[in-house]
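Please report on the aromatic pairs and helix packing in this model. Keep it short and give the cut-offs.

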Amino acid sequence: MTTLDIPRVLPVDHLSVSSVNTYLRCPLKWRKRYIDSEYEPPSGSMILGSAVAAAEAQADQQQIDAGERLATPDVLDAFSDEWDDRSTRERVDWNGEKPDTLKDSGVAVVTAYERTVAPRLQPVSAEREFTLQLPGVDWTFIGYFDLEEADGGIVDRKVKAKRLNPAEALVDLQPTSYLLARRAEGNPAPEFRYHTLVRTKTPAVDVIPARRTDVQLDAFVDRLYGIAAEINWRLETGVWGGA
């Protein structure tokens, strides 16, 4: 029986959902991005998603601070400002998409979201960072809760070109890691909720819940240890192929 040798330190000080997903898809790409610090320009869809998230976070925070959400035109103004800033701040890989068309799709999904889902929100925190410290190691796992609601639920907003398949929610690492973080804080969340803003011809907004058992959360901790051990092995051997 082989005993897993869990490294106390890694070449990075933390892991995250995006870094773990990158590693699982392509270890070589992970090394280039997180160890070699090779620059990779954001895609247009990434700029869109971050601009929408930032605008909605402003609306959430206003509701927390003042008890009343920003009016839809103000949320759209915030989105436009965020888009203009983020799309001009650095080189963007538009991947054949037209910036103006992408921005228009953002206006459409924000409008739909504010009309259908936002009126029911009860935010208590917006874009709160968490740090998950695992036993026996110096590296951590970090992330940001887009939104935490009064009933304890965690919300993550995503802007997508097509609807999220509920089957994807069953295997996605994000609900698992975020629910684990809340459990580690001593404040378990009843569920994780995807708020998916779908930029189809007729914009749609889907709310998809995801739950995890304690057994699944414990298994994710073991998986993180396993990934860390594999990263350490690749560092020692120089083998970065495979996925």
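## A buried aromatic pair

F192 is buried, with a relative accessible area of 0%. Buried means under 20% relative accessible area, exposed over 50% and partly exposed in between, using a 1.4 Å probe and protein chains only. The rings of F192 and Y194 have centres 5.0 Å apart and planes at 75°, so they form an edge-to-face pair. Rings of Phe, Tyr and Trp (its six-membered ring) pair if their centres lie within 6.5 Å; planes under 30 degrees apart are stacked, over 60 edge-to-face, and the rest tilted. Y194 is buried, as is F192.

This is a predicted model, in which local features need pLDDT of at least 70, side-chain atom pairs count only at pLDDT 80 or more, and totals for chains, interfaces and linings use all residues. Residues are numbered from 1 along each chain as its sequence is written, and side-chain values use heavy atoms, leaving out hydrogens and water.

The whole structure holds 12 aromatic pairs. One of them joins Y178 and F192 edge-to-face, at 6.0 Å centre to centre and 75° between the planes. Y178 sits in helix 7 (residues 173–184) and F192 in strand 5 (residues 192–198), so this pair ties together parts 14 residues apart in sequence. Helices (H or I, at least four residues) and strands (E, at least two) are DSSP runs, numbered from the N terminus.

Y178 is buried too, at a relative accessible area of 7%. Ring pairs link F130, F145, Y178, F192 and Y194 into a cluster.

## Helix 1 against helix 8

Helix 1 (residues 17–25) packs on helix 8 (residues 214–237) at about 60°, with axes 12 Å apart. Axes are lines fitted to C-alpha atoms, for helices over the stretch in contact; angles run from 0 to 180 degrees between N-to-C directions. The two helices are therefore oblique. Angles under 35 degrees are roughly parallel, over 145 roughly antiparallel, 65 to 115 roughly perpendicular, and the rest oblique.

V20, Y23 and L24 of helix 1 make the contact with R223, L224, I227, E230, I231 and R234 of helix 8. Contact means heavy atoms within 4.5 Å.

## Helix 4 against helix 5

Helix 4 (residues 72–89) and helix 5 (residues 99–116) pack at about 150°, with axes 10 Å apart. They are therefore roughly antiparallel. On the helix 4 side, the contact residues include F79 and W83; on the helix 5 side, they include P99 and L102.
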